[in-house]
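Subject: Structure handover

Hello,

Here is the structure I promised you. Please open it alongside this email, and then read on for what turned up.

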Amino acid sequence: MSPIVLIDMGNDITQAQRIMVQRRPELQFCRPGDPEAQHAEVAICWTPPPGSLGALPMLKLVHSVGAGADPIIREPSRPATLAVCRIVDPGHCQGMLEYVLWGVLHYHRQFDQILANHQRQHWQRLAQKPAQQTRVGVMGLGQLGKAAAVQLARLGFHTRGWARSAQQIDGVQTFAGSQLPAFLEGLDILVCLLPLTEHTRGILCAETFAQLAPGAVVINCGRGAHLRSADLQHALASGQLRAALLDVFETEPLAPDHSLWQTPGVTVTPHIASSASFEVIAEQILANIDRLEAGLPLLNTVDSQLGY
Ligand code: OXD
């Protein structure tokens, strides 16, 4: 087996590599600048630096360590014939659900204001609003978005869902494609769980925010490029938005001096809404390495046209 090249090194990659080494001590790993990398058939990464994929002539498979592989698909030096695979962890949906429910409940029950009151030792019993009076909209009704919408509806929230194509979900008012304005109209909380495509890039923008209820909240656990940060900061400053919970950013990690850290109303979480377990990442990559060697079809391949 040729060495496996580890392109960018995040926590997930280091931990998955540790498990792979335990399971298969014969595997050899290298970094892009090492001479062995020229023979590598498999690469593992989350965000490949510009030019990195094109510089590895023998590469047959590039494996993402995430549920998404869009940073790989977007890399211009990626040869069109290169197979791209992602991780599919059954626990991913549960993690995302927990994050979205936490976010929605946090703002619905006004814990942002209660925590701010705590900071200044201010005792104020805020009026409790019934869930039915909070309008929550989920953008993106794939596996994750659908599960979130179903659970929000079960908790009694007035729940809407929007996706590219029409869907029917019990208890959820659904909208498709050009019905975006009707979906957004007067929402109190907007949750983005969309895949990043040319149609969804920048969708969290001034025009979108203007259609929400005054003082609405935006939760982004799709992709950083869905959000226009300057529009968000403007909408927060004007009071059109009350808060934003952001888990994903165009460049991760978010730079320590990025203005979003300091923007009043913004809560930054470090891309932790949901992550596959290190064991699952290691197992699925090992399974695909075996399949590549045996000439079998790879698991969890990504359609490079759709980007997911
Ligand atoms: C993702 C992940 O794809 O965290 O966003 O796995």
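Gln110 sits in the loop between α3 (90-108) and α4 (111-119). The model is a predicted one. Phi of Gln110 is near 60°, which is positive in a residue other than glycine. Is Gln110 buried or exposed? Gln110 counts as buried because its relative accessible area is 19%, and the cut-off for buried is under 20%.

Gln121 counts as exposed because its relative accessibility is 74%, and exposed begins over 50%.

Stay with helix α3 for a moment. His106 lies in it. His106 is buried, because its relative accessibility is 13% and the limit is under 20%. Which residues does His106 touch, leaving aside neighbours within four places in sequence? They are Phe111, Asp112 and Leu115.

Now the ligand site.

Seven names to look up: the residues around the ligand are Trp46, Gly66, Ala67, Gly68, Arg223, His271 and Ser274. That shell divides into 2 nonpolar, 4 polar and 1 charged.

How much of the ligand does the protein cover? On its own the ligand has 210 Å² of accessible area, and the protein covers 86% of that.

You will find Asp247 in the loop between β11 (241-246) and β12 (266-268). Asp247 counts as buried because its relative accessible area is 1%. A polar atom of the Asp247 side chain lies 2.9 Å from the backbone nitrogen of Ala273. Tyr99 is 148 residues away from Asp247 along the chain, yet their C-alpha atoms are separated by 9.7 Å.

Glu252 has another feature. A cis peptide bond joins Glu252 to Pro253, with omega at about -5°. Pro253 lies in the loop between β11 and β12.

Val217 belongs to strand β10 (residues 216-220). Val217 counts as buried because its relative accessibility is 1%. Beyond four places in sequence, Val217 is in contact with Tyr107, Asp188, Ile189, Leu190, Arg242 and Ala243. Asp257 is 40 residues from Val217 along the chain, and 24 Å separates their C-alpha atoms.

Ser52 is in the loop between β3 and β4. Ser52 counts as buried because its relative accessibility is 12%. A polar atom of its side chain lies 2.6 Å from the backbone oxygen of Pro49. Leaving aside neighbours within four places in sequence, Ser52 is in contact with Ile7, Glu75 and Ser77.

Last, helix α9.

Helix α9 covers residues 278-294, 17 residues in total. From first C-alpha to last it reaches 24 Å, close to the 24 Å expected at 1.5 Å a residue. Which residues of α9 are buried? They are Val280, Ile281, Ala282, Gln284, Ile285, Leu286, Asn288 and Ile289. What do these buried residues pack against? The partners are strands β1 (4-6), β3 (42-45), β4 (61-64) and β5 (83-85), together with helix α1 (11-23). Gly295 follows α9, and its phi is positive, near 75°.

Best wishes

Technical notes. Residues are numbered from 1 along each chain as its sequence is written. This is a predicted model: local features need pLDDT of at least 70, side-chain atom pairs count only at pLDDT 80 or more; totals for chains, interfaces and linings use all residues. Side-chain values use heavy atoms; hydrogens and water are left out. Helices (H or I, at least four residues) and strands (E, at least two) are DSSP runs, numbered from the N terminus. The expected span of a helix is 1.5 Å times one less than its number of residues. Buried means under 20% relative accessible area, exposed over 50%, partly exposed in between (1.4 Å probe, protein chains only). Contact means heavy atoms within 4.5 Å. A residue is near a molecule or strand if one of its heavy atoms lies within 4 Å of it. Accessible areas come from the Shrake-Rupley method with a 1.4 Å probe; for residues, only the protein chains shown count as cover. Ala, Val, Leu, Ile, Met, Phe, Trp, Tyr, Cys and Pro count as nonpolar, Asp, Glu, Lys and Arg as charged, and the others, Gly among them, as polar. A polar contact is a pair of N or O atoms within 3.5 Å; within protein, one must be able to donate a hydrogen and the other to accept it, and residues adjacent in sequence count only if both atoms are side-chain atoms.
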